[in-house]
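Trainee: I would like to learn how to read the features of a structure, one after another. Could we begin once it is on the screen?

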Amino acid sequence: MADDLFNSFMNGPDEKGRFGDFGGRFVSETLMPLILELQAEYEKAKTDPTFWAEMDDLWTHYVGRPSPLYYAERLTEHLGGAKIYLKRDELNHTGAHKINNVLGQIILARRMGKTRIIAETGAGQHGVATATVCAKFGLQCIVYMGAHDVERQAPNVFRMKLLGAEVVPVTSGRGTLKDAMNDALRDWVTNVRDTFYCIGTVAGPHPYPAMVRDFQAIIGKEAKEQILKAEGRLPDTIIAAIGGGSNAMGLFYPFLDDKDVRIIGVEAGGKGVDQKMEHCASLTGGRPGVLHGNRTYLLQDDDGQILEGYSISAGLDYPGIGPEHSWLHDVGRAEYVAITDAEALEAFQLLCQTEGIIPALEPSHALAHVIKIAPDLPRDHLVVMNLCGRGDKDIFTVAKALGTDMSGLSG
Amino acid sequence: MTRIDAKFAALKDQGKKAFVSYIMAGDPDYDTSLAIMQGLPAAGVDVIELGLPFTDPMADGPTIQLAGQRALAAGQTLQKTLDMAAAFRKTDDTTPIVLMGYYNPIYNRGVDKFLTDASAAGIDGLIVVDLPPEEDDELCIPAQKAGLNFIRLATPTTDDKRLPKVLTNTSGFVYYVSITGITGAAAAEAGDVAPEVARIKAKTDLPVIVGFGIRTPETSEAIARVADGAVVGSAIVDLIGKGKSVPEVLDFVRGLADGAHRA
């Protein structure tokens, strides 16, 4: 048993918030006391049965958990190889996995007596989830969103406003997700007394990467139970898409010590990883650096300046990645690959046609990798892929990419 | 003893408060920035904070962020920033230079190589905003070993329990951030600052300098009166951003310095 514990991949982070050399607490002094306070509160909540009872109740009755594990029979037949299961987190309230984590952080904020919630968002899914839970609890909600994303994700902006949130378009820097995160941190440093920063992914200063992972781990815990029930054994391969990496960490974490389970993370390859600046594959095309409170793989130039990522998927459009993924990459427990815009678009359409499910562009990247490997795998090879979001939000982007004029489709 | 220690010892002997000014290296371009830097001591600046441009300055307001963007667009790099310090040192061997910025460009170069190069360029101290005491092993301890001061920020959220931790590996001086917020934001009130400075001075012999929110000679004087000195950054950088000439910028700096020196 002692040996098992020693070799476990599930013991991180250490007391300094490190996963190996990654993670940490690289924040200004003003924020440091707030982060220590959050860490103390989270440590308390983590072992408090009343905290998890409240989470379970909301997960069941508000989010609609457990999400199904669905055998994609026609997709499996079409590919003619591995047996493919989809973890249906796109069926959650608000249409993505983001709400799993938001509920945890908002309950924590309420326990800490915070009344003002701030969040950053890229595609708007985390912003919508945060606005939703804030509306439910009557909390003030401010969402920072890159001005460029505000423009291209208009439906989500309207959703957030309907839910009572204030959406602040971020024009500083280049007006993208990383700039939205900078501005959220600036808000937090200014409004330290009453404000809780609800981060949407497994990145940021300790304890965020571990805390968000723990809230998202419900995905992997359920998937494990469900596949054991359906097949009587663990899957051979699990796959998820990665921007910051929260849905992937949520699926991966409960399987880290199941050494026979192959783990694959799929980054956004944009227009191709060899073309500088036109992808978001931090592990495939970046190197370690320090940004937004943690050390992790980053897209950066020779001088250590951060580069803008590019992906057709706004939710993967971030130049960094959660530090635990960087560590899993370096120790070799998980593999990381990149999928291009074009491959993701094809996968998007294939799932629509074979299963009657419109996936978000983010999990379409994971699906594209499944499509690549499944045909060469034996029929008894079990694949579990996290379908972490639904694609309604993406239909305009997809139409544009496919050259379809939406205005001509009526009637 | 670094140039910083020597400068504060000299000011103490003269019974004078310190005036510290910040400019972004390479803003709006290398030559103009170096010309401004070279004029700062004669305008009354006791310590120069030289900003190292970074794409994601999360503790700074729009003024400093835009200055960084201008500098980067004009081709500024960490190496050119060190070159600027070295060029300044050719004509001034006494005015302390504190390099101020974020960790990633330094980490990217490699800490040991950076410290060797920074010392050779005549840098005396470092302020690295995203390295709190919890990360002292990264750069703070190696920097002190290399003979550079590591100057720490103390803030209104640094309570009495935490203060000793912040002061432990600090050297040169303590930079008290007068507000919770970003650079260039709300104005500092001398009345609020005085008890905070006293609180810090009760725990350290280092000089305590106050910055954030100081924009006028009057505030510079009022703040310097209740501390060991005042720092001005955004107000100066604003003028540079507006395209003012080098003499105009230096005239403005002289006014602020005179304010602090009246205190």
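Mentor: Let us begin with a pair of helices: A:Glu343, A:Ala344, A:Leu345, A:Ala347, A:Phe348, A:Leu350 and A:Leu351 in H15(A) meet A:Leu361, A:Ser364, A:His365, A:Leu367, A:Ala368, A:Ile371 and A:Lys372 in H16(A), where contact means heavy atoms within 4.5 Å. The residues of this contact divide into 10 nonpolar, two polar and two charged, with Ala, Val, Leu, Ile, Met, Phe, Trp, Tyr, Cys and Pro counted as nonpolar, Asp, Glu, Lys and Arg as charged, and the others, Gly among them, as polar. This is a predicted model, in which local features need pLDDT of at least 70, side-chain atom pairs count only at pLDDT 80 or more, and totals for chains, interfaces and linings use all residues. Residues are numbered from 1 along each chain as its sequence is written, chains are lettered from A and ligands numbered from 1 in the order in which they are written, and side-chain values use heavy atoms, with hydrogens and water left out.

Trainee: At what angle do the axes of H15 and H16 of chain A cross?

Mentor: Two packed helices are described by the angle between their axes and the distance between the axes. Here the axes of H15 (residues 341-355) and H16 (residues 361-373) of chain A come within 7 Å and cross at roughly 90°, and the two helices are therefore roughly perpendicular to each other, a label for angles of 65 to 115 degrees.

Trainee: How much area do chain A and chain B bury between them?

Mentor: The size of an interface is often given as the accessible area lost when the parts come together. Chain A and chain B bury about 3,100 Å² between them, 47% of it on carbon and sulfur atoms, the area being found with a 1.4 Å probe and summed over both parts. The contact takes 42 residues from chain A and 39 residues from chain B.

Trainee: Which salt bridges could I look at?

Mentor: Side chains of opposite charge can pair when their charged atoms come close. The rule (a side-chain nitrogen of Lys or Arg within 4 Å of a carboxyl oxygen of Asp or Glu) finds six salt bridges across the interface of chain A and chain B, including A:Lys16 with B:Asp137, whose closest N and O atoms are 3.8 Å apart. Within chain A, A:Arg111 forms a salt bridge with A:Asp48, the closest N and O atoms being 2.7 Å apart. A:Arg111 lies in helix H5 and A:Asp48 in the loop between H2 and H3 of chain A, so this pair ties together parts that are 63 residues apart in sequence.

How values were computed:
Axes are lines fitted to C-alpha atoms, for helices over the stretch in contact, and angles run from 0 to 180 degrees between N-to-C directions. Helices (H or I, at least four residues) and strands (E, at least two) are DSSP runs, numbered from the N terminus. Angles under 35 degrees count as roughly parallel, over 145 as roughly antiparallel, 65 to 115 as roughly perpendicular and the rest as oblique. Buried area is the accessible area (1.4 Å probe) that two parts lose on being put together, summed over both.
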